[in-house]
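Me: Could you take a close look at one part of this model for me, the place where two chains meet? I'd like the cut-offs along with the picture.

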There are 2 protein chains.
Amino acid sequence: MDEQGPEGRGQRPRGRGLHDRVLESLGPAITAGDYPPGTVLRTDELERRYDVSRTVVREAVRVLESMHLVESRRRVGVTVRPTEEWDVFDPQIIRWRLAGPDRPRQLRSLTALRSAIEPAAAALAAEHATPEQCAELTEHALNMVATSRGQQLPAYLVHDVAFHRVILRASGNEMFARLGDVVAEVLTGRTQHRVMFSDPDPEAVTLHVRVAEAVRAGDAEAAERYTREITVGALRELDILAP
Amino acid sequence: MDEQGPEGRGQRPRGRGLHDRVLESLGPAITAGDYPPGTVLRTDELERRYDVSRTVVREAVRVLESMHLVESRRRVGVTVRPTEEWDVFDPQIIRWRLAGPDRPRQLRSLTALRSAIEPAAAALAAEHATPEQCAELTEHALNMVATSRGQQLPAYLVHDVAFHRVILRASGNEMFARLGDVVAEVLTGRTQHRVMFSDPDPEAVTLHVRVAEAVRAGDAEAAERYTREITVGALRELDILAP
DNA sequence: CCAGCAAATAAGTATGACTTTTAAGTCACG
DNA sequence: CGTGACTTAAAAGTCATACTTATTTGCTGG
């Protein structure tokens, strides 16, 4: 191909590692559907394509394989697996799909997920939240009120995200807590699609305050109910729920 | 150490690959807490421990790293990351933890998760289920009724698991659908801890029939409510919910 | 005491030789 | 023709080694 001097290989790595570079190229390509399920990739082909050694390709393939994105078989090659088998909860896959053409569909899935989880998390938070977490919660809620009017959407978003993170963390359930990033992504994504001039729904803002109060009071039932009202709004926006 | 002849390395692989063997040993060990967060593993140490080459160790480490179980840094080694950073939704990690001393805690987390998801899934299923799926649902529900008395717990479990799988799949949400394995694991785990002579709660059985009816009728509200009653029972069993 | 340089260390990468699995093709026999 | 056993070859899997690069540690001189 192209000679590039005695140094051997071209452009310097730059990233954390070569395998990451391959992964960050192959992963998005597969999840975007550039290589439909059934497509067979051969490692030596990938070596040439990315101009890296077998070592690097194999490491990337191993990771892809652990996500059930591909399957590597002898005498066959690296086969892209059917979509239904992918580890759709893998944060990396979520990230790749959010960055690709599947973004709308992914956002809908994630919204449905968060709408199911958050009310339950709020109920648990009402029973497990520490005083510090309660304080954080009310603080964020008040800040949401303060930034809810006058085109301060970016600032509002920061507190909105923080609020929901605290709820999830305070639930005491490690799996719920892990969904903080997902919720952040959904909330941010929603804001981007909204007209930047429209302020947040005042009722939604009030609901956040109510949730904070309920959690502080240890009222699980109320915390769950108010949170559900918040998430129902999110579902309606995407027509997931019948009006 | 121990000489093993001119062949070079000992016992034949047997598994799908050497890296898997390493993974299936290291993963459980880390998730079980044998190597607490902060522990540093050096690759050449692992090479010797498992009697495999650098290549194999690195591939296993890459996978562990993609799960955020460890972090590999130059001049430092492979460090076990704090528990909060683990990808607790990774099916493999879930499996490892269910097989280890963390099993009870893991089952509680998963039960809370499923209790949050399934009612929402049932509501969506009522709107999206195909006639075939409705048929499957009623069939499994009827089979549950049939096997609910007279120490037929294993048979009952099969239909119970199948029932919940159909609900999750019929929701039309790929992420919900992916939780089928988790629910299966929780249901199975619950049965194991139960006295094998006690038949399932008759009310729970009835609720499954009601859910099937509601889904068939397209009544999302009812499907959600009945499913919630089922999962609330599961929560109470583990004292996650206040009585 | 600190800046900056030097050395040591462990992971990262490349490469070539070899092994193992297995799909696919071949051939003899019914 | 079909069928089953045998052969072949293709591709991943593994290993050993040489070399590169980043980063910590610590030393050294201002």
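Reply: Happy to! Let's start with one pair: Glu174(B) makes a salt bridge with Arg105(A), their closest N and O atoms lying 3.3 Å apart. A salt bridge here is a side-chain nitrogen of Lys or Arg within 4 Å of a carboxyl oxygen of Asp or Glu. Across the interface of chain B and chain A, that rule finds nine salt bridges.

Some background on the values: this is a predicted model, in which local features need pLDDT of at least 70 and side-chain atom pairs count only at pLDDT 80 or more, while totals for chains, interfaces and linings use all residues. Side-chain values use heavy atoms, leaving out hydrogens and water, residues are numbered from 1 along each chain as its sequence is written, and chains are lettered from A and ligands numbered from 1 in the order in which they are written.

Now the wider interface. In all, 36 residues of chain B are in contact (heavy atoms within 4.5 Å) with 35 residues of chain A. The buried area between the two chains is about 3400 Å², with carbon and sulfur atoms giving 58%; this is the accessible area (1.4 Å probe) that two parts lose on being put together, summed over both.
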